Structures are given as C-alpha cells and as structure tokens.
Amino acid sequence: MLRKRSISRQVLDIAYAVVFVLLLLSSTLNGVSGTAGAGILVGFGVALAVRRRSPRWSLALAWVLAIVQMVSGVLPLSADTAIFAILYCSAAYGDSVLRRVGLASAVGGGVIAALYMAYVDGNPFGPPTEEGYQEPRLAQFALLLAGLWAMLGLSWALGRLAYARRTAIESAHARELAEVHQARAEHEVAIEQERNRIARDMHDIVAHSLAVVIAQADGARYVRTVDPAAVDTALTTISDTAREALSDVRVLLGQLRHSQGDLPTPGPGDLERLFDQMRATGLNIDSSIDPTEVSLGAGTHLALYRIAQESLTNALRHGDPDRPVTVTIESDSAGIELTVRNSVLPGRSAPESSGHGVAGMKERAGLSGGTYSASGDDASWTVTAWLPATTPSTKGTT
C-alpha cells in the first residue's frame, strides 16, 4: 500500500538513494562481487527510495535482494547496510501487520544471515573446505547472531519509537482540534440559546403590547360618543404601552447586533403596575399577593413577570371579559407560586393552540428550576407556576 508523502520528502528520499548508490558503486564494481554486487546495490537503492512511501514493498524488495545475494554466493556487501534503514521505516511508517512482519524479519533475517556467514561459502572468518562448507563453529554463529540481532533489533526499535512519538503528536493535535470544535459548538449552542431567549422576550413584549393597544383602541371607539374623557385615557395608555414596547424591542435588537446587556429585570412592584395596565384595557383582575418576603434571583423575577404577563394577555384575548381574572401569588421559604385563572368564552381557542406563549412560559419556569402547568376546560383556564427561592428564608431561626 502506497503512503501519501509530500513531494519534497519523496525527492529527498530519492536523492539519498542516488547518493548511497554512487558512493558504494565504485568499491562494489572493483570488489570480488563485480557486476552482480552492483545490481544488488542498485536494488537496495530502489528499496531506499521507496522506503517511506511504500515500506511494505521496500521490505519485500530487501528480502528478494538478500535471497538473490545468498543464492548467487555474493559476499556480504556494504550495500546491506540499507536493510537497517528499511527495517526502521517498516516500524515507523508501516501498519500494525507490517510492523510485526518487520520484527519477524529482524529476528529471522538475523538467524539466516548468521548461518550464511558462519557456515556457507564466502565466510570471511576462515578458509572453505573441499565441499564448500566450513566446519561448524557455534561460538562464531552465536557471536554473529547476537551482533545482527542487536543492530537489526535496534533499527526496528528506533522505528517503533518514532511511530509512537508521531502517534502521540497526532493524538495531541487531534485533541486540540476536538477541543476547538467543542468550544465552537458550545459557542454556537450559547448563541442559539440566547437567540431563543430573545425570541421569547420579543414574543412576550409584542404580544402583550399589541393586545393592550388593540383592547384600548376598541374600547375608545365604542365609548367616544358617550365618554370623551375615556378616549383620552385610552390614548394615553396606548401611547405609554407603545413607548415601553418600543424601548424594550430596541434593547433586544441591540443585543442581536452588539451583544448589549439584558432588559431591565422587573421587580416585585412591577407586577402591580402590570395589573393596573391590564385593568386599563378593561380586564377585570382580582389579585391577591402574599406579603411574605421571599428571596428571588433576577432571572426568577423575570420569569415570574413574563409568565404573569403572558397569562393575562391570553386571558384578555381568549377569556370572558364579563368575569374577573383571579391572580394569586403565594410565597413560602421554598419559593413563590403564581396562579392565574380566567373564564373562557364558548368557542374561543385554547391558549395552548395559539402560538408559542404556553411553551415559552413552561420553558421559563423550567430554566428557573421551577414547574409550570396549564389546564382547562370549556369554562375556564388555569395557569400555575412555582418558582424556587434563591436562598431559604431565615425567618424564625436563631
């Protein structure tokens, strides 16, 4: 299998192989091996040229050249040093199978080379006999085997260390890349959550403001001939509501463009102002607020205000205007509970089928750590939300 290498690295490998062949060519031609040795030298040069691009073919070619060398009876050549570089690359750039084959080649090749050098013709350590074989020399074989295993094994081990180092670097790079992708994904999730929050605020502001404006405009049209002063009051309420909505929408648009701060968080007194605003539209509200103080975070105050606002807006749009809307707020050490109950006109659609308001209220309560429920029948609709306190009340403790 060919490995992808950059052109510059491949050119360097070829240049190294050419220099290797040219440096050893003259000594090989002038030696005993002659032309056969030169051919083996060129073959090892080719194996060196492709040792990193295709370590599998390079190792196979080295085995073929070694077998040809032993069969032809060519004495060990200086070209055989190329085997060390080939074994190194088989361990450094080969796959798991090739690395095991390279290790087996180092072990088996060392045994074969030691046997050849110790017992076969061409042994440089003693004269041949008439049959062409040396007398067995176990000590000599053992010494050759130890030396060959040391050199071949060291070459393979260095390649294995290079592979481990390269793998560690690639793993570290992959981890860094994964962390970058994770950070980018978390950033995108945060942006999406912020957009959803802004969309919820936009829905609450626009839906509530338009409901108030429409109710005031319709009421002013009906009573203008009977009570002209009521028209001025209605127009004043329309103007104030529109200005407040416009201010809030500008803040939301600024958040989309420039990541500005959040809207001002409504406080406990803003609920009474909300009730008065809704009463000005003609909605009959019967409110009961528990005076017990409870510690609520800014997000919980906003959730309480928005849930009450959306519930009253739904009551104005879908409820029976002749019957009062009951709003109850009860507090204890654990949190605060809001209940909004209104009568429903026959044939009016339920709030849960009219858009994203109910889903937004449920999500606001959930994000604050509380609960939300909405239920009803043909006669009434009830919204109940419980929101937890920031810290338990210490009243009554010593």
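**Ground rules.** I number residues from 1 along each chain as its sequence is written, and side-chain values use heavy atoms, with hydrogens and water left out. As the model is predicted, local features need pLDDT of at least 70 and side-chain atom pairs count only at pLDDT 80 or more, while totals for chains, interfaces and linings use all residues.

**Helices 4 and 5.** I looked up how helix 4 (residues 82–93) meets helix 5 (residues 96–119): their axes come within 8 Å and cross at roughly 150°. Helices here are DSSP runs of H or I, at least four residues, and strands are E runs of at least two, numbered from the N terminus. Axes are lines fitted to C-alpha atoms over the stretch in contact, with angles from 0 to 180 degrees between N-to-C directions. The angle makes helix 4 roughly antiparallel to helix 5 (over 145 degrees).

I then listed the contact (heavy atoms within 4.5 Å). Helix 4 supplies Leu87, Ser90 and Ala91, and helix 5 supplies Leu98, Arg99, Gly102, Ser105 and Ala106.

**Gln309.** I found Gln309 in helix 9 (residues 298–318). Gln309 is buried, at a relative accessible area of 4% (buried means under 20%, with a 1.4 Å probe and protein chains only). Its C-alpha atom is 9.0 Å from that of Met278, 31 residues apart along the chain.

**Ser368.** I placed Ser368 in the loop between helix 10 (357–367) and strand 4 (371–376). Ser368 also counts as buried, at 18% relative accessibility.

Notes. Buried < 20%, exposed > 50% of the residue type's maximum accessible area, 1.4 Å probe, protein only. Parallel < 35°, antiparallel > 145°, perpendicular 65-115°, else oblique.
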